[in-house]
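Trainee: Please walk me through this one. Start with the inside.

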Amino acid sequence: MKAEEPSTNPLLILAGASGGLGQSLKQIYSDKGWRVTEISRDSCDFSSPKAVESLVSVLLLENTRPDLFIYAAALSEAGYLDEIESGALRRSFEVNFLTPVRLLEALQASELGCPRFVFIHSGAADFLIPGLAPYALSKRALRDYLNIAGLESAFHHTQILQVWPGAMATGLNEKTRLHGSFKLPRGMQARPPEEVALKIYNAVQQGADCLRLSPVPRFLGWLQSVAPCVMNALIRLHPGLKRKL
């Protein structure tokens, strides 16, 4: 973890700073005069509960109140359920769900208290397709956790911005760990991460609680929930989605 020298400027803790979106967020917030404390996979293994607990201890012992926490880290593993390795689901849930939840719980509950959080979602959590279970289900768990927290008015002293950025040109597909015979389907036209980072910055400044840049997956997910037989039949027939047995 790398931190800037203390100053009166607002402080951002950025998890996942080495990725495309994380790098863009770091650049924008630095340009706007923020101090940025970076947490990358080189400094913390987000798939290890012990490493995350050590990180939490360090953050709380630093006795510095962050003004904003952004969790931009993500792990992408893909494959059909009967072909994925036994650890794929666990790793995905640790990085994409359990770690951001642990950091939210720890940082908002501390005496210093972080007042604002940003979490990055994925359309894969809204519209389920074959082969993306490790990534999609872990992202869906985070989405549903934050929705339940909202229904319960949990963390009511904390402002949470949930972001659905749509496809981004971050290289995540190239970094996806594939299992078995699965091949990633062709993606949608991707936005530059710099564009998404700027929209996130503006949404935070405006006090927004939702930033949805791509409504299509949500609409398809809604269709999947109200007409599952029809949608699932279409998925099985789609040449780019159906499994070749």
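**Cavity, cores and pocket**

Trainee: How do the residues lining the largest cavity divide?
Mentor: Seven are nonpolar, one is polar and one is charged. Ala, Val, Leu, Ile, Met, Phe, Trp, Tyr, Cys and Pro count as nonpolar, Asp, Glu, Lys and Arg as charged, the others, Gly among them, as polar. A cavity is a set of points on a 1 Å grid over the protein atoms alone where a 1.4 Å probe fits but cannot get out; lining residues have an atom within 4 Å of a point.

Trainee: What model is this, and how is it numbered?
Mentor: It is a predicted model, where local features need pLDDT of at least 70, side-chain atom pairs count only at pLDDT 80 or more, and totals for chains, interfaces and linings use all residues. Residues are numbered from 1 along each chain as its sequence is written, and side-chain values use heavy atoms, with hydrogens and water left out.

Trainee: Which residues line that cavity?
Mentor: Leu68, Arg116, Phe117, Val118, Gln159, Ile160, Leu161, Val204 and Ala208. S5 and S6 each give two or more of them. Strands are DSSP runs of E, at least two residues; helices are H or I, at least four; both are numbered from the N terminus.

Trainee: What's its volume?
Mentor: About 30 Å³, as the space filled by probe spheres set on the grid points, joined across faces, edges and corners.

Trainee: New topic. How many residues are in the largest nonpolar core?
Mentor: It has 29. Ile39, Phe46, Phe69, Tyr71, Phe117 and Phe119 have the most contacts inside it. H3 (88-109) is among the elements that supply at least two residues, and H3 gives the most, with seven. Such a core is a set of buried Ala, Val, Leu, Ile, Met, Phe, Trp, Tyr and Cys residues joined through side-chain atoms within 4.5 Å; buried means under 20% relative accessible area with a 1.4 Å probe, protein chains only.

Trainee: What does Tyr71 touch?
Mentor: Beyond neighbours within four places in sequence, its contacts (heavy atoms within 4.5 Å) include Ala15, Phe46, Val95, Leu103 and Phe119.

Trainee: And the second largest pocket, how is it lined?
Mentor: By 22 residues, with Arg143, Asn147, Gln162, Trp164 and Arg212 nearest its centre. H4 gives the most, with six. The lining holds eight nonpolar, eight polar and six charged residues. A pocket is an open set of grid points with protein on both sides within 12 Å along at least five of seven lines.

Trainee: Overall, how much of the chain is buried?
Mentor: 47% of the 245 residues. The chain has eight helices and eight strands.

How values were computed: Buried < 20%, exposed > 50% of the residue type's maximum accessible area, 1.4 Å probe, protein only.
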